[in-house]
Amino acid sequence: MQFLSSIFLGLVQGVAEFLPISSSGHLSLFQSFFGLEEAGLFFDVLLHLGTLIAIFVYYWKDIVGLVKEFIRIVACLFSKEKRAKMGRLSPKGRMILMIIVATLPLFAVLPIKDKVEGLYTNTIFVGVALIVTGCILFFSDRMARGKKTAKSATMLDALLVGVGQAIAVVPGLSRSGTTISAGMMRGFSRRFAVRFSFLLSIPAVLGANILSIGEAVSAGIDASLLPAYIAGTVVAAVSGYFAIRLVNLLADKGKFGNFAYYCWGIGAAAVVATLIFK
């Protein structure tokens, strides 16, 4: 793998992972129509690590706060005296519980993981899924502004956002677009919908990487490619950070749905190109 190829893959991963335009869909189309070199399993793990770094850097205060709150809750559970004084969950505690609840639907996808991955090379399916993503973005952005935050959102809200995340494992459906839109539809404030979506991706990406790392190592790692791998990972992290900033800005201004037109265009082009050239 050449440096330019790894940098391009890192850029696509970093930008499309957070902008609501589906990183899996774009990588599928680039590989099918332009012969883009497919990322090896180990490099794919590193690219997702890069996007995780972007989330940790952007939301580091939230993450530190959630970790401290999680440790406090665990300590209370193992101490009768502290448990008696614990009272109701704080907003941070509710946020932790919401993330756990919203992650549960992903386990329903594990039995059909291979079938879902098989859709990756079906460019007509990917194109249609991108068009569906555009429809989700278009209508969600035109809903009334919600006011729910971690303090007022329910566990049912979290579960439904999690169902959206599970459905979005399908290539062509944007994970960020689906989960942010689901949050808006459940009455989340726009800023909280974005924040919850990106924090929710942490256990999802970590879990996927843990499942893949053993297979990646057993498949072998070419040490000569490590510089290119590192370059791609850095690009994924940097571009991902700025993509998160852009999504927050556009969602807050009510322009999140503008990505719908792009998804419609690229999705329709993929379907037409497949019918004509394949």
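This is a predicted model: local features need pLDDT of at least 70, side-chain atom pairs count only at pLDDT 80 or more; totals for chains, interfaces and linings use all residues.

Guide: A helix here is a DSSP run of H or I with at least four residues, and helices are numbered from the N terminus. Our first stop is Ser22, in the loop between helix H1 (3-18) and helix H2 (23-34). Residues are numbered from 1 along each chain as its sequence is written, and side-chain values use heavy atoms, with hydrogens and water left out.

Back to Ser22: its phi is near 70 degrees, a positive value in a residue other than glycine. Ser22 counts as buried because its relative accessible area is 2% (buried means under 20%, exposed over 50%, partly exposed in between, with a 1.4 Å probe and protein chains only).

Now step back into H1, where you'll find Glu17. Glu17 is buried too, yet has no salt bridge (a side-chain nitrogen of Lys or Arg within 4 Å of a carboxyl oxygen of Asp or Glu). The nearest side chain of opposite charge belongs to Arg175, 4.6 Å away (Lys and Arg count as positive, Asp and Glu as negative; His and the chain ends are not counted). What the Glu17 side chain does have is a polar contact with the side chain of Ser23, at 3.1 Å (a pair of N or O atoms within 3.5 Å; within protein, one must be able to donate a hydrogen and the other to accept it, and residues adjacent in sequence count only if both atoms are side-chain atoms). Skip its neighbours within four places in sequence, and Glu17 is in contact with Val12, Ser23, Thr51 and Ser176 (contact means heavy atoms within 4.5 Å).

H2 also takes us to H13: the buried residues of H13 pack against H2, helix H8 (123-140) and helix H12 (226-252). Those buried residues include Phe259, Cys263, Gly267 and Val271. H13 has 19 residues and reaches 27 Å from its first C-alpha to its last, close to the 27 Å expected (1.5 Å times one less than the number of residues).

Last stop: Tyr261, found in H13 (residues 259-277). Tyr261 counts as partly exposed because its relative accessibility is 44%. Leaving out residues up to four places away in sequence, Tyr261 touches Phe138 and Arg142.

Terms used: Helices (H or I, at least four residues) and strands (E, at least two) are DSSP runs, numbered from the N terminus.
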